[in-house]
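Subject: Structure for you to look at

Hi,

Here is the structure I promised to pass on. Please open it alongside this email, and I will walk you through what turned up.

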Amino acid sequence: MSFPPIPEPDAASAGFFAALDAQRLELRRCTACGTVHLAVLVCDACGGSGFAPFLASGAGIVHSFTRLHMAHHPAFAEALPLTAGVVELAEGPRLFARLVGQGPCAVGAPVMAEFSDCDGRGLVVFSLIAG
Ligand SMILES: [Zn+2]
């Protein structure tokens, strides 16, 4: 079995990935201006470097998506075709993730985060909510 490629956390994303490993979607709010971020060291709105982590709702909408018919990694070969895209979280930040579920995929479609475990590392996918 081949595992999917798992990103290596860096200083900015260590908290985000540690939370994912615990099946939690955690965001960071700038303590100076309130802007919500996914994983940054410096706020791009005000230049502040203080952040307070908080639990995201997991709700979002599809900002953009693509349907993959070719596996660019062996771990995804059996899942083809698969859908992945950019999700805009209800709190504002956007992230790229796999899109799953029975709902129709379209820009603006509502999604909800679901968590899984891959060899001890947490993963998040977003399930399309049937309308
Ligand atoms: Zn800020």
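Which residue in β2 is the bridge partner of arginine 28? It is histidine 37. Before going further, please keep in mind that this is a predicted model.

Now the overall layout. Where the two domains touch, domain 1 contributes 9 residues and domain 2 contributes 11. On the domain 1 side, α1 (14-21) and β2 (36-37) each provide at least two of the residues that touch domain 2. That side of domain 1 is made up of 6 nonpolar, 2 polar and 1 charged residues.

As background, most residues other than glycine have a negative phi, and most peptide bonds are trans.

- The peptide bond from leucine 80 to proline 81 is cis, with omega near -10°. Proline 81 sits in the loop between β4 (59-68) and β5 (82-89).
- Glutamine 23 is not a glycine, yet its phi is positive, at about 65°. You will find glutamine 23 in the loop that links α1 and β1 (26-30).
- Aspartate 119, also not a glycine, has a positive phi of about 55°. Its place is the loop between β7 (110-118) and β8 (121-128).

Are these last two residues buried or exposed? Glutamine 23 has 14 other C-beta atoms within 10 Å, so it is partly exposed. Aspartate 119 counts as exposed because it has 8 C-beta neighbours inside 10 Å.

Serine 64 is in strand β4. It counts as exposed, because 12 C-beta neighbours lie inside 10 Å and the cut-off for exposed is 12 or fewer. Leaving out residues up to four places away in sequence, serine 64 touches Gly85, Val86 and Val107. The C-alpha atoms of serine 64 and valine 87 are separated by 7.2 Å, although the two residues are 23 residues apart along the chain.

Alanine 113 is in strand β7. With 21 C-beta neighbours inside 10 Å, alanine 113 counts as buried, since the cut-off for buried is 20 or more. Which residues is alanine 113 in contact with, once its neighbours within four places in sequence are set aside? They are Leu25, Gly58, Val124 and Phe126. As for threonine 66, its C-alpha atom is separated from that of alanine 113 by 18 Å, and the two are 47 residues apart along the chain.

Best wishes

How values were computed:
Residues are numbered from 1 along each chain as its sequence is written. This is a predicted model: local features need pLDDT of at least 70, side-chain atom pairs count only at pLDDT 80 or more; totals for chains, interfaces and linings use all residues. Two residues are in contact if their C-beta atoms, placed from the backbone, lie within 7 Å. Helices (H or I, at least four residues) and strands (E, at least two) are DSSP runs, numbered from the N terminus. Ala, Val, Leu, Ile, Met, Phe, Trp, Tyr, Cys and Pro count as nonpolar, Asp, Glu, Lys and Arg as charged, and the others, Gly among them, as polar. Two strands pair if DSSP finds at least two bridges between them.
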